[in-house]
Amino acid sequence: MAIEELQEIFDDKIKQEIKIEPKDWMPDDYRKTLIRQISQHAHSEIVGMLPEANWITRAPTLKRKAILIAKVQDEAGHGLYLYAAAETLGISREGMVDQLLCGRAKYSSIFNYPTLNWADIGAIGWLVDGAAIMNQVPLCRASFGPYSRAMIRICKEESFHQRQGYEILLTLSRGSKEQKAMAQDALNRWWWPSLMMFGPNDDASPHTVQSMKWKIKRFTNDELRQKFVDVCKEQADILGITIPDPDLKWNKERNHYDFGEINWEEFRNVIKGNGPCNKERLSARVSAHENGEWVREAALAHAKKRRKEVIA
Ligand code: BYC
C-alpha cells in the first residue's frame, strides 16, 4: 500500500476515535512521540518510588506503613505496565532502562525534591498523585491502545493514592498546633513543584499542538494546571491550610482561580539535573540495577530451563 493511503487510514482512525494498535501502520513521529512520553512516564513511576520508600520504615503506625508499602508497590506496577506498553512500539526494556541510568532520559521534575518529614508523604499523595490523576485521566482516552488501557488501570490506583495522602493531611490538620504547622509547611514546599508537573506553559511547549492533533494529549498543559489549581484551592480550605500564593484569587469572569507566576528557571534547572535530589535519585537507581543483576540472571536461567522442559 502506498504511504499516502496508509496515512489516510491512520488519520481516519484518529478522527473516528478508533485506537491505533502496535501492528497498525503509524507515522514515524507518532511512534517517536509515544516512545518518548510513555518511557518518561514509566521512568517517573519508578523514580517516584524513591521519595516515599524513604518513609516506609518511619511511618507513624503499622497501618500507615502497610498502606505506604502498598502504594509504593503500585508505583512499581505502573512503571512495568508502561514499559510494556512502550515495548510494543519497538524499543527494548533494556534500552529504556539504560537511557534512564546514564542520565539521558527525562522523568518528572517532582521526584527531585526531598521528603523531609511525614507530612510530606501526605502532600505527595494529595498534590503529586492529585496532579498525576488530573493529567492521566484524559490519557485513558489516548489514541494508542496499549497506553490508554494501561492508564485505565493506573488511574484506579492513583485515586486511592490521592485519598490516602489527603487523609494524612486531614489527620495532621485536625491534630496539635505543631501537626497543623507540619501540614502547612509541607504544602508550602510541594505546591509550586506540583504545578510544574504539568509541564511548560502552552506557548513554550514544543509537543502539545501535535500531540493534541494525534489525540495523545486531550488537554493542554495550562488547561490541566488550571483545573488542578481550582480543585486544590477548595481542598486546602477544607484542610484549613493556605496555598502559598498571594496572587491566588477567584476570577468570576473566567470562572477560575487566577494564580501567580511559576518559577520556570527552577523548573529548567531541575530538568537539567540540578534539582535538590537529582544525583541522589539517579545513583539510587543505578545501585538498585547493579544489585539486582543476580536476580535478572537467575530469572533468565529459570526461563531457559523452563523452555527446555517444554521443548523436551
Ligand atoms: N518534568 O512539550 P512538552 C507519576 C519535558 S506522575 C520533567 O509540554 P509533552 C507519579 C517534556 O518531557 C509524573 N520533564 O512535552 C505520581 C519535554 O521534554 P523532551 C509523570 C518535563 O510531552 C505519583 C519538554 O519538557 N507523568 O508518574 O507534550 C507517584 C517539553 O514539554 C516536565 C507523566 O509522565 C516535568 N514536569 O508534555 C509516582 C504523564 N514537563 O521529551 C509516580 C504523561 C515537561 O522534549 N506525560 N517536561 O526532551 C505527559 O502527560 C506529558 O509528557 C507532559 C509533558 C504533560 C508531562
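So, which residues line the largest cavity? Keep in mind that this is a predicted model. The lining is made up of Lys13, Ile14, Glu17, Ile18, Lys19, Ser143, Lys215 and Arg218. If you sort that lining by class, you get five charged residues, two nonpolar and one polar. The volume of this cavity is about 40 Å³, and searching the whole structure turns up one cavity of 30 Å³ or more.

The largest pocket comes in at about 1000 Å³. It has 45 lining residues, and the ones nearest its centre are Gln40, Ser108, Met197, Phe198 and Gly199. Several helices give two or more residues to that lining, including helix 2 (28-47) and helix 10 (221-239). Helix 6 gives the largest share, with seven residues. By class, we're looking at 19 nonpolar, 15 polar and 11 charged residues.

The second largest pocket holds about 550 Å³ of space. Of its 18 lining residues, Arg93, Val97, Arg285, His289 and Arg296 sit nearest the centre. Here the largest share is six residues, from helix 5.

Helix 7 (residues 145-173) packs with helix 8 (residues 177-196) at an angle of about 140°, and their axes are 7 Å apart. That angle makes helix 7 oblique to helix 8. Leu169, Leu172 and Ser173 of helix 7 make the contact with Gln179, Lys180 and Ala183 of helix 8.

Methods: Residues numbered from 1 in each chain as written. Predicted model: local features only at pLDDT ≥ 70, side-chain atom pairs only at ≥ 80, totals over all residues. Heavy atoms only, no water. Axes fitted to C-alpha atoms, helices over the stretch in contact; angles between N-to-C directions. Helix = DSSP H or I, 4+ residues; strand = E, 2+ residues; numbered from the N terminus. Parallel < 35°, antiparallel > 145°, perpendicular 65-115°, else oblique. Contact = heavy atoms within 4.5 Å. 1 Å grid on protein atoms, 1.4 Å probe; cavity = no way out; pocket = protein on both sides within 12 Å on 5 of 7 lines; lining within 4 Å. Points joined across faces, edges and corners; volume = space filled by probe spheres on them. Nonpolar A, V, L, I, M, F, W, Y, C, P; charged D, E, K, R; others polar.
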